Amino acid sequence: YRLRIDSPCVDAAVDFDAITNDILGMPRPVDGNGDGIAFPDIGAYEYDPRTVDSDGDRATDFQEQVMDTSPIDPASCLRITTITPGLPVRLTFPSSSKRLYTLRSAPDLADTVWATVPGNVDVPGNDGLQTLFDNSGTGNRFYRIEVRKP
């Protein structure tokens, strides 16, 4: 059995310097609860948010911490909910007031360079549906939203 992010066993053990790995040989301690202090977990397995997906939504618990979504609710995720074509293109997504969002675009998915859409850098979230706009009129584009803590 593995720990989830909401387990009271995460970062709750006594810190013994002699114990440096869990039962699988993974390093311990790891800062499992994101408070900036690494303590070992209670149990044989160390919870590592960088490798665990507690809700099965294909985003690691660490990625969900960065996005300010719930790592135990598969419906809580960063996603574009609506794209309205035209000029401007409007992209709507659920946002967090604790995060900043940047809109990027590319002409095709194989393109390794995603250009920043002007006027859409580090836009503060609003704890509701957020809308970003692309006024460039550069034709068909693919979009992605990047998120970071302020």
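**View 1. Salt bridges across the structure.** A search of the whole structure finds six salt bridges. The term covers a side-chain nitrogen of Lys or Arg within 4 Å of a carboxyl oxygen of Asp or Glu. Side chains of opposite charge can pair when their charged atoms come close. This is a predicted model: local features need pLDDT of at least 70, side-chain atom pairs count only at pLDDT 80 or more, and totals for chains, interfaces and linings use all residues. Residues are numbered from 1 along each chain as its sequence is written, and side-chain values use heavy atoms, with hydrogens and water left out.

**View 2. The Arg 4 and Asp 6 pair.** Arg 4 forms a salt bridge with Asp 6. Their closest N and O atoms are 2.7 Å apart. Arg 4 is partly exposed, at 37% relative accessible area. Asp 6 is partly exposed too, at 42%. Here buried means under 20% relative accessible area, exposed means over 50%, and partly exposed lies in between (1.4 Å probe, protein chains only).

**View 3. The Glu 46 and Arg 28 pair.** A salt bridge joins the side chains of Glu 46 and Arg 28, at 2.8 Å from N to O. The pair links distant parts of the chain, 18 residues apart. Glu 46 and Arg 28 both lie in the segment before α1. Both residues are buried. Helices (H or I, at least four residues) and strands (E, at least two) are DSSP runs, numbered from the N terminus.

View 4. The side chains of Asp 48 and Arg 50 meet in a salt bridge of 2.8 Å, N to O. Asp 48 is buried, with 10% relative accessible area. Arg 50 counts as exposed, at 52%.

**View 5. The cis bond at Pro 29.** Arg 28 and Pro 29 are joined by a cis peptide bond, with omega about 5 degrees. Pro 29 is found in the segment before α1 (61–67). Pro 29 is partly exposed, at 31% relative accessible area. Asp 41 is twelve residues from Pro 29 along the chain, and their C-alpha atoms are separated by 7.2 Å.

**View 6. The cis bond at Pro 88.** The peptide bond from Leu 87 to Pro 88 is cis. Its omega is near 5 degrees. Pro 88 sits in the loop between β1 and β2.

View 7. Most residues other than glycine have a negative phi, and most peptide bonds are trans. Arg 58 is not a glycine, yet its phi is positive, about 75 degrees. Arg 58 lies in the segment before α1 and is exposed, with a relative accessible area of 81%. Asp 122 also has a positive phi, near 50 degrees. Asp 122 is found in the loop between β4 (115–116) and β5 (123–124). Asp 122 counts as partly exposed, at 29%.

**View 8. The three-stranded open sheet.** Three strands form an open sheet in the order β1-β2-β6, with antiparallel pairing. β1 (82–84) and β6 (129–134) stand at the edges, each with a single partner strand, so one side of each has no neighbour in the sheet. The twist averages 20 degrees from one strand to the next. Axes are lines fitted to C-alpha atoms, for helices over the stretch in contact, and angles run from 0 to 180 degrees between N-to-C directions. β1 and β2 (residues 89–94) pair over three bridges. Two strands pair if DSSP finds at least two bridges between them. Thr 84 has Arg 90 in β2 as its bridge partner.

**View 9. Strands β3 and β7.** Seven bridges join β3 (residues 100–106) to β7, and the two run antiparallel. Leu 103 stands opposite Ile 145 in β7. Strand β7 (residues 142–148) has a covered face of Tyr 143, Ile 145 and Val 147. Its uncovered face holds Phe 142, Arg 144, Glu 146 and Arg 148.

**View 10. Cysteines without a disulfide.** The count of disulfides comes to zero, taking a disulfide as a pair of cysteine sulfur atoms within 2.5 Å. Cys 9 is partly exposed, at 24% relative accessibility. Cys 77 is partly exposed, at 23%.
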